[in-house]
Amino acid sequence: MLRALTSTLRLPRPWRPLHTRSCASHGATGDPEIQVRALTGRDQGITEILMNRPSARNALGNILVSELLEALAQLREDQQVRVLLFRSGVKGVFCAGADLKEREQMSEAEVGIFVQRLRGLMNEIASSAVMGLIETTRGLLPGAGGTQRLPRCLGAALAKELIFTGRRLSGAQAQALGLVNHAVSQNEEGNAAYHRARELAQEILPQAPIAVRLGKVAIDRGMEVDISSGMAIEGICYAQNIPTQDRLEGMAAFREKRPPRFVGK
């Protein structure tokens, strides 16, 4: 059991720099549907994925899903990425969910393939071990993992009620249920949630990157098993942190009463 866990919970292979600091997909109109931007200055280490498909309210269609998967694969290998934010370039909407108009034109076989890819996208976002923060829909779309993730968030009874009724929730209601961590009052620019997410990202930036990644692995994997197995997973993750330079730097900074200088090694 522990041997299997050890091989499963290793950190991803050493990162390679992303050859380009931006990428975009193009729909039928030729306009980009996503843009990737690395922030600079005090926000260095934060990377944003901007979804910009206004004609479909950022609905997840074939092109958008393909380019999101491609961008995530590249960012996973980029050592400079410490925190990843998803944001919308369409005012008043984050993501309308799956593109049902596009799906209507698909054959049954194509629908099955697309839903599998959509589920893979949500899994990739949820399981990524290199990203400290993701602002997203949590993959709660039925057929894209929603029937499995929602009960784990809220319990089976409430998850069934929401899925069976298709009920829409306000931000305050979602926060009260525990579906989102924060609900903020909207500002005139319509980007209050983005600014709150960016503030949270700035809180994560100073933390030891390896510890953040291993903490995410330990939490995500530990939630899937009993408490004893979860403790074993935590132990395996911590063992990978012991020989790192960052752990020694954190101890030295605490002893010398100075801010740590983590290097991700």
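A pocket is an open set of grid points with protein on both sides within 12 Å along at least five of seven lines, and its lining residues have an atom within 4 Å of a point. In this predicted model, the second largest pocket is lined by 15 residues. Nearest its centre lie Gln44, Gly45, Arg82, Leu205 and Phe262. The second largest pocket holds about 400 Å³ of space. Its lining is made up of seven nonpolar, five polar and three charged residues.

The sheet comes next. Strands of a sheet pair through backbone hydrogen bonds, either parallel or antiparallel. Here, three strands form an open sheet in the order E1-E2-E3. The pairing is mixed. Strand E1 (34-38) and strand E3 (83-88) stand at the edges. Each has a single partner strand, so one side of each is left without a neighbour in the sheet. On average, neighbouring strands of this sheet are turned by 20 degrees against each other, direction ignored. Strand E2 (residues 46-51) and E3 run parallel and are joined by six bridges. Met51 has Ser88 of E3 as its bridge partner.

Helix packing was also examined. Two packed helices are described by the angle between their axes and the distance between the axes. For helix H2 (residues 62-76) and helix H4 (residues 108-127), the angle is about 35 degrees and the axes are 10 Å apart. Their crossing is left-handed. H2 contributes Asn62, Val65, Ser66, Leu68, Leu69, Leu72 and Arg76 to the contact. H4 contributes Phe114, Arg117, Leu118, Gly120, Leu121, Glu124 and Ile125. By class, the contact of H2 with H4 has eight nonpolar, three polar and three charged residues.

Definitions and conventions
Residues numbered from 1 in each chain as written. Predicted model: local features only at pLDDT ≥ 70, side-chain atom pairs only at ≥ 80, totals over all residues. Heavy atoms only, no water. 1 Å grid on protein atoms, 1.4 Å probe; cavity = no way out; pocket = protein on both sides within 12 Å on 5 of 7 lines; lining within 4 Å. Points joined across faces, edges and corners; volume = space filled by probe spheres on them. Nonpolar A, V, L, I, M, F, W, Y, C, P; charged D, E, K, R; others polar. Axes fitted to C-alpha atoms, helices over the stretch in contact; angles between N-to-C directions. Helix = DSSP H or I, 4+ residues; strand = E, 2+ residues; numbered from the N terminus. Left-handed = near helix turned anticlockwise from the far one by under 90°. Contact = heavy atoms within 4.5 Å. Pairing = 2+ DSSP bridges.
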